[in-house]
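Hi,

Here is the structure I promised to pass on. Please have a look, then read my notes below.

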Amino acid sequence: MGDPKFRRIQRELKLHKPDPRLILPEPLIEFKRLVGSGCPVSDLFSATEQLGRELKKELEKIGQLERDIRGAYNLMSAPDRAAFLSMIYSRFAENYDRHMGIETGHYQAMRFVLRYAHMVHRFGFPLLDVTAGTGELIRYAMELDNGNGLICANDLSEKMLAKAKEKLGNGRVFFHNHDACCFPDEWEGKFRTVLLSQTLNLLTDEDKIRLITSVKKVMDDGGKVIVIEEDPFGVTQTDAIQSVAMFIRGVGEPITPSELNAFFVTSGFTRYPEHAVAEIDGNHNMKVYIFTRK
Ligand SMILES: C[S@@+](CC[C@H](N)C(=O)[O-])C[C@H]1O[C@@H](n2cnc3c(N)ncnc32)[C@H](O)[C@@H]1O
């Protein structure tokens with residue numbers, strides 16, 4: 001570390017203000033500059049070790065914050081948990097499509113598995129998307145079935161729903177803002193097909209059961225629920241998801257395919273053996289599961 005050139009670089013680095021648009025943590029920005037400055041290998045090695053230690057500390061801090069969020073979230077009442085989730089998604093609404101459709105491969109993978117589900121079990125109507133988000137899945141469903149069957153788009157977050165209205169408001173789709181864990185009694189037995197996409201991983205196990213029970217109530221006998229979830233669950237770090245990533249990781253209890261199956265079967269659904277998988281990226285896949293209400 002005694003090399004004068006290295007000391008000069010260190011001084012320079014202290015003066016350097018990282019570009020706020022970069023999502024890299026500060027130690028990483030400094031490290032990248034160091035690599036580009038041609039310092040001796042031994043200094044680079046020490047800097048690498050230092051970087052590793054700093055990143056580990058950062059990750060530990062984030063992990064602790066996520067555990068704190070989870071602790072607080074688990075103490076909330078069910079309506080407060082719903083309000084909190086709604087706030088997270090209202091904050092994310094503006095950037096959601098960019099994250100899911102441009103910066104990651106989620107939408108492409110959802111489209112692929114939904115097409116498969118439609119091929120093996122044509123959609124029935126009325127159709128309900130329980131957590132419609134910005135309406136992208138309904139948009140694909142309408143491409144696959146361009147008839148005039150009634151479609152309901154439901155979501156907790158008004159801002160997500162507003163995005164869905166911009167995309168889908170053509171008269172065939174009706175919009176609702178219910179907590180899917182407690183759909184109204186007037187909806188009992190109304191829906192023939194239900195879509196549930198990328199939601200179970202965000203819920204506590206208790207809320208998963210409340211939501212599945214509520215979904216069962218609004219389906220008619222023999223109706224089908226098409227569940228689309230990523231496996232394994234993970235938040236792909238992009239600029240668009242930055243402001244809510246910590247919350248999303250904090251609130252949910254990730255679910256494996258066999259747990260998902262068990263939640264539905266023990267709630268009175270029969271699983272169809274068909275399934276389809278589409279790669280989102282090298283780290284995880286999108287999977288579709290189809291259940292019928294007994
Ligand atoms: C990850 S997004 C998925 C959106 C859409 N299904 C998709 O696959 O792109 C989760 C959505 O679920 C909604 N959500 C979460 N819990 C809900 C609940 N209990 N009732 C209704 N919507 C809920 C959120 O507001 C958010 O729009």
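In which helix is the place of G71? G71 sits in helix 3, which covers residues 41–75. Keep in mind that this is a predicted model.

Is G71 buried or exposed? G71 counts as exposed, because it has 10 C-beta neighbours inside 10 Å and the cut-off for exposed is 12 or fewer.

Now the whole protein. The protein has ten helices and seven strands. Its C-alpha atoms fill a box of roughly 80 × 40 × 35 Å along the principal axes. Of its 294 residues, 34% count as buried. For contacts with a separation of 6 or more, 75% come from residues 24 or more positions apart.

Seven strands form an open sheet, in the order 3-2-1-4-5-7-6, with mixed pairing. Strand 3 (173–176) and strand 6 (269–279) are the edge strands, and each pairs on one side only. On average, neighbouring strands of this sheet are turned by 20° against each other, direction ignored.

Strand 4 (residues 191–197) pairs with strand 5 (residues 219–231) in the parallel sense, over six bridges. V194 stands opposite V225 in strand 5.

Two helices to check against the sheet:

- Helix 7 (residues 158–168) packs on the sheet and touches strand 2 (151–154) and strand 3. The direction of helix 7 makes about 170° with that of strand 3.
- Helix 8 (residues 205–218) also packs on the sheet. Helix 8 touches strand 1 (127–129), strand 4, strand 5 and strand 7 (285–293). Its direction makes about 145° with that of strand 5.

Last, the ligand. How many residues surround the ligand? There are 22, and the closest are Y89, T131, G133, A180 and S197. Helix 4 (78–103) and helix 6 (136–144) are the elements that give two or more residues to this shell. Helix 4 supplies the largest share, five residues. By type, the shell divides into eleven nonpolar, eight polar and three charged residues.

Over to you.

Best wishes

Conventions. Residues numbered from 1 in each chain as written. Predicted model: local features only at pLDDT ≥ 70, side-chain atom pairs only at ≥ 80, totals over all residues. Helix = DSSP H or I, 4+ residues; strand = E, 2+ residues; numbered from the N terminus. Buried ≥ 20, exposed ≤ 12 C-beta atoms within 10 Å, placed from the backbone. Near = placed C-beta within 6 Å. Nonpolar A, V, L, I, M, F, W, Y, C, P; charged D, E, K, R; others polar. Pairing = 2+ DSSP bridges. Axes fitted to C-alpha atoms, helices over the stretch in contact; angles between N-to-C directions. Contact = placed C-beta atoms within 7 Å.
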